[in-house]
Amino acid sequence: MVYSFLLLKIMHELSIAMGIVKIAEDETAKVKENTVTKIELEIGQLAGIEIDSLNFVWESAVKDSVLEKAIKEITIIPGKAKCADCDTVFYLENIYDSCPKCNSNFKGILQGKELRVKALEVI
Amino acid sequence: MCGTCGCGTDDNGPTILKPGEQPHNHVHEHTHDGIHFHSHEDAEHNHQHKVLKIEQDILQNNQVLAARNRGYFEAKNIFALNLVSSPGSGKTSILEKTLADLSAEIPFYVIEGDQQTLNDANRIDALKIPVIQINTGKGCHLESDMVYNAVKKLNIKDNSVLMIENVGNLVCPSMFDLGESKRVVIISTTEGEDKPIKYPDMFHTSDICIINKIDLLPYLNIDVEKLKNYALKVNPNLQFFEVSATTGEGMEAWYNWLKKNLI
């Protein structure tokens, strides 16, 4: 059971990693480059991505791609929300955290859902 | 996509089939006549680094096609539902019961998503409802391009309901918009009341929560109110239906909601 869940979880990050590879391949093709030396990613804390799992699948995902030799730089964006009842802006670790002031569950997420390729450094 | 025949299925990629159709044999020969030599004698490369500003959402391709699907559904007044849950919560049973009870009044179409087999599509086909099976191979969720291709094959009439049964998985499908009108998460009473906070993303992105297998409640140690409170903590806007696809209990409220959304 534990193993099958682990596999599922890794599959999840693998599909994200493959999406990153696709973007890198497309963008480098546009400028006729074929080696990325550094990739900058922005991942929100509430995006549903485990950085450990992403690191685990990274090597196999980037194999034989333009990212094979790239250094991966991840900026984690903390989760931030605004309470819909009392307007308090607060940081949250889980999407279900309630307002620390009035305990309401109604909120708008301000940041933390990001999943973005910010920049590529090519030779 | 397969570069040889262009059918959109690489070896482990998704296949889109109607019941009775056979997947075609997907082995292509590759030759590797080209012999490459690499020499790295010249270690002194002239490195000129260039930074490309990308700022692109990793899921952007999926989102663009999902928006396209959504526009198509809206234009044709198709009410599309994305049914998500862990495996075994009763998605297909709820679907079967709904189709059997309502297909005389509402034109239904179904897209089935599973890693393997045409089993679910065959169950729907037995009810004489047009159905397409997407087999995702190793993929753990449906993506909007698969739905786009399946919809093209399904030839959906205006003013109908499209049921998209996603791959049984409470993790990955939450991130992939298919262009649905509403997302419906199904949880069964045998799963435990803290599922919504264990897998919050799925409950956060859903509009409707169907609690299935309520006929088993006398035999279980589960507090349904507690389950609902957990789910509301994740998503205070969730609307609940408590049903049993086996006995039909509670299905009427779900049917009324479906009909109300068709107008």
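**Exercise 1. Work out how much area chain B and chain A bury between them, and what that interface is made of.**

Step 1: start with the area. Chain B and chain A bury about 3,100 Å² between them, with carbon and sulfur atoms giving 65% of that; buried area here is the accessible area (1.4 Å probe) that two parts lose on being put together, summed over both. On the chain B side, L52(B), I58(B) and K233(B) lose the most area to chain A, together 22% of what that side buries.

A quick word on ground rules: this is a predicted model, where local features need pLDDT of at least 70 and side-chain atom pairs count only at pLDDT 80 or more, while totals for chains, interfaces and linings use all residues. Residues are numbered from 1 along each chain as its sequence is written, chains are lettered from A and ligands numbered from 1 in the order in which they are written, and side-chain values use heavy atoms, leaving out hydrogens and water.

Step 2: list who touches whom. With contact meaning heavy atoms within 4.5 Å, 33 residues of chain B meet 36 residues of chain A.

Step 3: look at the polar part. There are 11 residue pairs in polar contact between chain B and chain A, both at pLDDT 80 or more. A polar contact is a pair of N or O atoms within 3.5 Å; within protein, one must be able to donate a hydrogen and the other to accept it, and residues adjacent in sequence count only if both atoms are side-chain atoms.

Step 4: Strand 2, helix 6 (200-204) and helix 7 (224-234) of chain B each supply at least two residues of the side that touches chain A. Strand 2 of chain B gives the largest share, 8 residues. Helices (H or I, at least four residues) and strands (E, at least two) are DSSP runs, numbered from the N terminus.

**Exercise 2. Find the salt bridges between the chains, then follow the network that E42(A) belongs to.**

Step 1: apply the rule. A salt bridge is a side-chain nitrogen of Lys or Arg within 4 Å of a carboxyl oxygen of Asp or Glu.

Step 2: pick out a cross-chain pair. K50(B) bridges to E33(A), with the closest N and O atoms 3.1 Å apart.

Step 3: trace the network. E42(A), R116(A) and E55(B) are linked by salt bridges. Within it, E42(A) and R116(A) pair up at 2.5 Å between closest N and O atoms. E42(A) sits in strand 1 (residues 36-44) of chain A and R116(A) in strand 6 (residues 115-122) of chain A, so the pair ties together parts 74 residues apart in sequence.

Step 4: check accessibility. E42(A) is buried at 11% relative accessible area, whereas R116(A) is partly exposed at 25%. The cut-offs: buried is under 20%, exposed over 50%, partly exposed in between (1.4 Å probe, protein chains only).
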